[in-house]
Amino acid sequence: MREPLLIRYMQPLIAGRRSECFAVIADALSSGLSAEEIVCDVVWPAAMQVERLYEDDRMNLAAHRMACRVNHTVVAQLQPRLTAQPRNGRKAVITSSESGLEELGSQILADLLEASGWEVYLTGGGIPHDEILALIGELRPEAMVIFGTNPDDVPSTRALVDLIREVGVCPNMNVVVGGGIYNRADGLWQEVGADAFAPGPRELCVLLRDLKPRQPHAPRIGVVKKRHRRRKSLGAAAAAIRAAGARVLNVARN
């Protein structure tokens, strides 16, 4: 049932026919599919397909933007229909790239985590590192998730993780990445210093559910050793980008 439903949803989606998309989703709910199934097995795969069509120049910018808007609207409408579990006392901060697909993925992940009992803080993209650091220090979350990164953003992500570990803010917090370039570059999640990786929103939700608190002094497998001198202050985060940037960016682009 789900594959035909995905096809039925894709056809009006790529044409920008909003009302038809909403009608397909309403029919799916009436047929007994859960909100989680529709979000994870229809909307998210459709969003990834839209991104591929756009990257392959088989969809223009106007059609791409319309499809992204529809997907965001559908996800927002389905959020109240997710089955809510009791609160588990755990917190997560979620950031993302600023592209449409990555923001949608982080929104889906936030909704799934909240439904499973987490307290979630979704920042979106473009937040300065010092503000993220302050937010983590204030909230003391169990996990920070970076959903999706463009190749050019990888050095900055590595610098952010380095900064979090150097300062020692919330040392038991896991840094988890998923989506974006991490799905295409094998082992890149280890290069940026993350503690764990999962490819999509549903998988990340399961991973976070079972993830144990980080051990601050445990060795991290696959992390490239730094070649620059030990940094003396927070203001030297830019030095991390210069020292590690070229190496990590080359991995991301290959």
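Visitor: Is Phe-197 buried or partly exposed?

Guide: The model is a predicted one. Buried residues have under 20% relative accessible area, and exposed ones over 50%. The relative accessible area of Phe-197 is 26%, so the residue is partly exposed.

Visitor: What kind of aromatic pair do Trp-189 and Phe-197 form?

Guide: A pair of aromatic rings is described by the distance of the centres and the angle of the planes. Planes under 30 degrees apart count as stacked. For Trp-189 and Phe-197 the centres are 6.5 Å apart and the planes are at 15°, and the pair is stacked.

Visitor: Is Trp-189 buried or partly exposed?

Guide: The limit for buried is under 20% relative accessible area. Trp-189 has 21%, and therefore it counts as partly exposed.

Visitor: How many aromatic pairs are there, and of what kind is the pair of Trp-44 and Phe-147?

Guide: The count comes to two aromatic pairs. In the pair of Trp-44 and Phe-147, the ring centres lie 5.8 Å apart and the planes stand at 70°. Planes over 60 degrees apart count as edge-to-face, so this pair is edge-to-face.

Visitor: How many residues apart in sequence are the parts that Trp-44 and Phe-147 tie together?

Guide: Trp-44 belongs to helix H3, residues 35-55, whereas Phe-147 belongs to strand E3, residues 143-147. Trp-44 is buried at 9% relative accessibility, and Phe-147 is buried at 0%. The pair thus ties together parts whose separation in sequence is 103 residues.

Visitor: Which strands stand at the edges of the sheet?

Guide: The open sheet has five strands in the order E2-E1-E3-E4-E5, with parallel pairing. An edge strand has a single partner strand, so one of its sides is left without a neighbour in the sheet. The strands in this position are E2 (119-124) and E5 (196-197).

Visitor: Which residue of E3 stands opposite Ala-92?

Guide: Strands of a sheet pair through backbone hydrogen bonds, either parallel or antiparallel. Strand E1, residues 91-96, pairs with E3 in the parallel sense over five bridges. Opposite Ala-92 stands Ala-143.

Visitor: Which helices each supply at least two residues to the lining of the largest cavity?

Guide: The largest cavity holds about 60 Å³ of space. Its lining includes Ala-47, Cys-68 and Leu-104, and by class it has five nonpolar, three polar and one charged residues. The helices that each supply at least two lining residues are H3, H4 (61-78) and H5 (100-115).

Visitor: Which helix gives the largest share of the lining of the second largest cavity?

Guide: The second largest cavity has a volume of about 30 Å³. Among the residues that line it are Val-39, Ile-108, Asp-111 and Leu-112. The lining divides into five nonpolar, one polar and one charged residues. Its largest share, three residues, comes from H5.

Visitor: How many disulfides are there?

Guide: A disulfide requires two cysteine sulfur atoms within 2.5 Å. For Cys-40, the nearest cysteine sulfur is that of Cys-205, at 8.2 Å, and Cys-40 is in no disulfide. Cys-40 is buried, with 9% relative accessibility. The count of disulfides comes to zero.

Terms used. Residues numbered from 1 in each chain as written. Predicted model: local features only at pLDDT ≥ 70, side-chain atom pairs only at ≥ 80, totals over all residues. Heavy atoms only, no water. Phe/Tyr/Trp six-rings, centres within 6.5 Å; stacked < 30°, edge-to-face > 60°. Helix = DSSP H or I, 4+ residues; strand = E, 2+ residues; numbered from the N terminus. Buried < 20%, exposed > 50% of the residue type's maximum accessible area, 1.4 Å probe, protein only. Pairing = 2+ DSSP bridges. 1 Å grid on protein atoms, 1.4 Å probe; cavity = no way out; pocket = protein on both sides within 12 Å on 5 of 7 lines; lining within 4 Å. Points joined across faces, edges and corners; volume = space filled by probe spheres on them. Nonpolar A, V, L, I, M, F, W, Y, C, P; charged D, E, K, R; others polar.
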